[in-house]
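I opened the model today and went through it from the fold down to single residues. My entries are below.

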Amino acid sequence: EALRVFEENSREIDLVLLDLSMPRLSGRETFTALKTTKEDLPILLCSGYPVNIDEFSAETGFRPHGLIQKPFDIRTLGNIVREAMEGRVLTETVVSG
């Protein structure tokens with residue numbers, strides 16, 4: 001469903017916050033599909049589980065703009081969204097609240 005919504009509204013979507021645990025497609029599969037469609041789209045990953053960004057990037061072929069670990073607070077989310085929108089790419093492994 002997320003991919004369908006993105007396809008229908010891709011011009012209006014400037015950033016995606018993507019949870020890696022999803023019911024049908026995995027977060028990795030969804031991330032890859034989104035980046036294949038629009039490579040410059042900033043995507044922030046969200047997970048309650050440990051994520052190795054280097055392994056994730058090697059597996060998908062793309063590097064996310066950020067990773068926010070659950071639980072997080074709204075201020076932390078705002079900061080990471082702002083950084084992604086400014087074009088900064090993830091350099092640290094994890095951002096947490």
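These are my notes, in the order I looked things up.

**Ground rules.** I am working with a predicted model, where local features need pLDDT of at least 70, side-chain atom pairs count only at pLDDT 80 or more, and totals for chains, interfaces and linings use all residues. Numbering starts from 1 along each chain as its sequence is written, and side-chain values use heavy atoms, with hydrogens and water left out.

**Fold.** I counted 4 helices and 4 strands in the protein chain. I take helices (H or I, at least four residues) and strands (E, at least two) as DSSP runs, numbered from the N terminus. From the N terminus on, the order reads α-β-α-β-α-β-α-β. I then checked burial, where buried means under 20% relative accessible area, exposed over 50%, and partly exposed in between (1.4 Å probe, protein chains only). Of the 97 residues in the protein chain, 34% are buried. For contacts I use heavy atoms within 4.5 Å. Among contacts between residues at least 6 apart in sequence, 57% join residues at least 24 apart.

**Cores.** Which residues touch the most other members of the largest nonpolar core? I found Phe 31, Ile 43 and Leu 45, in a core of 14 residues. β1 (16-19), α2 (27-37), β2 (43-47) and α3 each supply at least two residues of this core. Another core, of 6 residues, lies apart from it and includes Leu 44, Cys 46, Ile 80 and Ala 84. A nonpolar core here is a set of buried Ala, Val, Leu, Ile, Met, Phe, Trp, Tyr and Cys residues joined through side-chain atoms within 4.5 Å. In soluble globular proteins, nonpolar side chains tend to be buried together.

Not counting residues up to four places away in sequence, Ile 43 touches Val 16, Leu 18, Phe 31, Leu 34, Lys 35, Pro 64, His 65 and Gly 66.

**Helix pair.** I looked at α2 against α3. The two pack at an angle of about 55°, with axes 10 Å apart. Axes are lines fitted to C-alpha atoms, for helices over the stretch in contact, and angles run from 0 to 180 degrees between N-to-C directions. Why are α2 and α3 called oblique to each other? Angles under 35 degrees count as roughly parallel, over 145 as roughly antiparallel, 65 to 115 as roughly perpendicular and the rest as oblique, so about 55° makes α2 and α3 oblique. On the contact itself, Arg 28, Phe 31 and Thr 32 in α2 meet Phe 56, Glu 59 and Thr 60 in α3.

**Ser 57.** This residue is in helix α3 (residues 53-60). Buried or exposed, I asked, is Ser 57? Ser 57 counts as buried because its relative accessibility is 12%. Neighbours within four places in sequence aside, Ser 57 contacts Phe 62, Arg 63 and Pro 64.

**Pro 71.** I found a cis peptide bond from Lys 70 to Pro 71, with omega near -10°. Pro 71 is in the loop between β3 (66-69) and α4 (74-85). Its relative accessibility is 72%, so Pro 71 counts as exposed. The C-alpha atoms of Pro 71 and Cys 46 are separated by 9.5 Å, at 25 residues apart along the chain.

**Glu 1.** I ended at the segment before α1 (2-9), where Glu 1 is found. Glu 1 counts as exposed, because its relative accessibility is 72%.
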